Amino acid sequence: MFAGPNLEKLDIVVNMTGLGSFDEEIKNTILLPIGGQNIPVLKLERILASKKAAGRAKDLMSIPILSDVLRVRQNMPEK
């Protein structure tokens, strides 16, 4: 169960439209430190693929923004 402040910043997924199984997609994650834990988070490319496959209005509305973020990140110099 998830409870507490700032949960609106998280999108917990139990079904990934247009993607492989959780076991297959785990290789497409990065670990982010959240609340003292390292949490696997899907890479932006995979999130975009799922949103495109879902085709719901709320997903389609987010695609241009997420695509812009991905484009900017891909053009950033490596650290």
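1. A salt bridge is taken here as a side-chain nitrogen of Lys or Arg within 4 Å of a carboxyl oxygen of Asp or Glu, and a search of the whole structure on that basis finds four of them. The model is a predicted one, in which local features need pLDDT of at least 70 and side-chain atom pairs count only at pLDDT 80 or more, while totals for chains, interfaces and linings use all residues. Residues are numbered from 1 along each chain as its sequence is written, and side-chain values use heavy atoms, with hydrogens and water left out.

2. On the overall fold, the protein has three helices and two strands, which follow one another from the N terminus in the order α-β-β-α-α; helices (H or I, at least four residues) and strands (E, at least two) are DSSP runs, numbered from the N terminus. The C-alpha trace spans about 35 × 30 × 30 Å along its principal axes. Of the 79 residues, 19% count as buried, where buried means under 20% relative accessible area, exposed over 50%, and partly exposed in between (1.4 Å probe, protein chains only).

3. Among the salt bridges, the one between Arg46 and Glu25 has its closest N and O atoms 2.7 Å apart. Because Arg46 belongs to helix H2 and Glu25 to helix H1, this pair ties together parts that are 21 residues apart in sequence. The two partners can also be described by their accessibility: Arg46 is partly exposed at 23%, whereas Glu25 is buried, with a relative accessible area of 5%.

4. A network of salt bridges links Lys51, Arg56 and Asp59. Asp59 is buried at 3% relative accessibility and Lys51 is buried at 17%, while Arg56, at 47%, is partly exposed.

5. The largest pocket has a volume of about 1,500 Å³, and of the 39 residues that line this pocket the closest to its centre are Pro40, Val41, Leu42, Lys43 and Ile47. On a 1 Å grid over the protein atoms alone, a pocket is an open set of points where a 1.4 Å probe fits, with protein on both sides within 12 Å along at least five of seven lines, and lining residues have an atom within 4 Å of a point. Grid points are joined across faces, edges and corners, and the volume is the space filled by probe spheres set on the points.

6. As to the make-up of that lining, H1, S1, strand S2 (37–42), helix H2 (44–54) and helix H3 (57–74) each supply at least two residues, and the largest share, six residues, comes from H2. The lining residues divide into 22 nonpolar, five polar and twelve charged.

7. A nonpolar patch on the surface is formed by Leu10, Ile12, Val14, Ile30, Leu32, Ile34 and Ile39, which together have about 570 Å² of accessible area. Strand S1 (residues 29–34) gives the most to this patch, with three residues. For such a patch, residues need over 30% relative accessible area and no salt bridge, and nonpolar side chains (Val, Leu, Ile, Met, Phe, Trp, Tyr) are joined within 5 Å; the areas come from the Shrake-Rupley method with a 1.4 Å probe.

8. The segment before helix H1 (22–25) holds Val14, which counts as exposed at 73% relative accessibility. Asn15 lies in the segment before H1 as well and is exposed at 60%; the C-alpha atoms of Asn15 and Pro77, 62 residues apart along the chain, are separated by 34 Å.

How values were computed: Patches are made of residues with over 30% relative accessible area and no salt bridge: like charges are joined within 9 Å, nonpolar side chains (Val, Leu, Ile, Met, Phe, Trp, Tyr) within 5 Å. Ala, Val, Leu, Ile, Met, Phe, Trp, Tyr, Cys and Pro count as nonpolar, Asp, Glu, Lys and Arg as charged, and the others, Gly among them, as polar.
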